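Please read this note with the structure open beside you. Each point may be checked by selecting the residues it names.

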Amino acid sequence: MLAFHNKFHRRARTAFVAGASFPALTGICALGERVLNHLILGLRESYRGTPQYKEVYRKDSFDDWDSAIDTLEAWEVLLPEAVRLIAGGLFPGWELLLVG
């Protein structure tokens, strides 16, 4: 899964190393959304019998992270620790990067 998105990760990492915090943060957030979308689109047919399927079966993409995370958690695709980290903010204090 992550190998599919390596070029996007590399771009965000390069921005971070160069000291470009805002582009790095934006890139990582976009990457997170791409991975969540990729997981749901790739796995949804395997979960046709679940209540969450009716919420995702017609969509081509998902911009509601809470719904995507709840769906993947219900399907037991995301580990509880991953859900906890995402819900609590992966990078505590990240909002400081936005302060000019």
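The numbered points below go from the overall fold to single residues.

1. Overall fold. This is a predicted model. The chain contains 5 helices and 0 strands, and from the N terminus on its elements follow the order α-α-α-α-α. Of the 100 residues in the chain, 22% are buried. The chain exposes about 7,200 Å², of which carbon and sulfur atoms supply 58%.

2. Contacts along the chain. Contacts between residues at least 6 apart in sequence were examined for their span. Of these, 52% join residues at least 24 apart.

3. In soluble globular proteins, nonpolar side chains tend to be buried together. The largest nonpolar core here has 13 residues, and those that touch the most other members are L36, I40, V56, I69, L72, W75 and L78. Helices α2 and α4 each supply at least two residues of this core. The most comes from α2, which gives 5 residues.

4. Helix α4. The buried residues of this helix are A68, I69, T71 and L72. Seen down the axis of α4, these buried residues fall within an arc of 160°, so they line one face of the helix.

5. At the start of α4, the backbone nitrogen of D66 has a side-chain oxygen of D64 within 3.2 Å. Just after α4, E76 adopts a positive phi of about 60°.

6. Surroundings of W75. How is W75 placed, buried or exposed? W75 has a relative accessible area of 4%; buried means under 20%, so W75 is buried. Leaving aside neighbours within four places in sequence, W75 is in contact with I40, L43, R44, Y47, T50, Q52, Y53 and V56. W75 is also listed among the core residues that touch the most other members.

7. Aromatic pairs. How many aromatic pairs does the model contain? The count comes to 2 aromatic pairs. One of them is formed by Y47 and W75, which are stacked at 4.5 Å centre to centre with 5° between the planes. This pair links distant parts of the chain, 28 residues apart: Y47 lies in the loop between α2 and α3, and W75 in the loop between α4 and α5. Y47 counts as partly exposed because its relative accessibility is 22%. Y53 and Y57 also form a stacked pair, with 5.4 Å centre to centre and 20° between the planes. Y53 is buried, with a relative accessible area of 10%, whereas Y57, at 35% relative accessibility, counts as partly exposed.

8. A buried asparagine. N37 is found in helix α2, which covers residues 21-43. Its relative accessibility is 10%, so N37 counts as buried. Which backbone atom lies 2.9 Å from a polar atom of the side chain of N37? The atom is the backbone oxygen of E33. Leaving aside neighbours within four places in sequence, N37 is in contact with S61 and F62.

Notes: Residues are numbered from 1 along each chain as its sequence is written. This is a predicted model: local features need pLDDT of at least 70, side-chain atom pairs count only at pLDDT 80 or more; totals for chains, interfaces and linings use all residues. Side-chain values use heavy atoms; hydrogens and water are left out. Helices (H or I, at least four residues) and strands (E, at least two) are DSSP runs, numbered from the N terminus. Buried means under 20% relative accessible area, exposed over 50%, partly exposed in between (1.4 Å probe, protein chains only). A polar contact is a pair of N or O atoms within 3.5 Å; within protein, one must be able to donate a hydrogen and the other to accept it, and residues adjacent in sequence count only if both atoms are side-chain atoms. Contact means heavy atoms within 4.5 Å. Rings of Phe, Tyr and Trp (its six-membered ring) pair if their centres lie within 6.5 Å; planes under 30 degrees apart count as stacked, over 60 as edge-to-face and the rest as tilted. Accessible areas come from the Shrake-Rupley method with a 1.4 Å probe; for residues, only the protein chains shown count as cover. The arc is that of the directions from the helix axis to the C-beta atoms. A nonpolar core is a set of buried Ala, Val, Leu, Ile, Met, Phe, Trp, Tyr and Cys residues joined through side-chain atoms within 4.5 Å.
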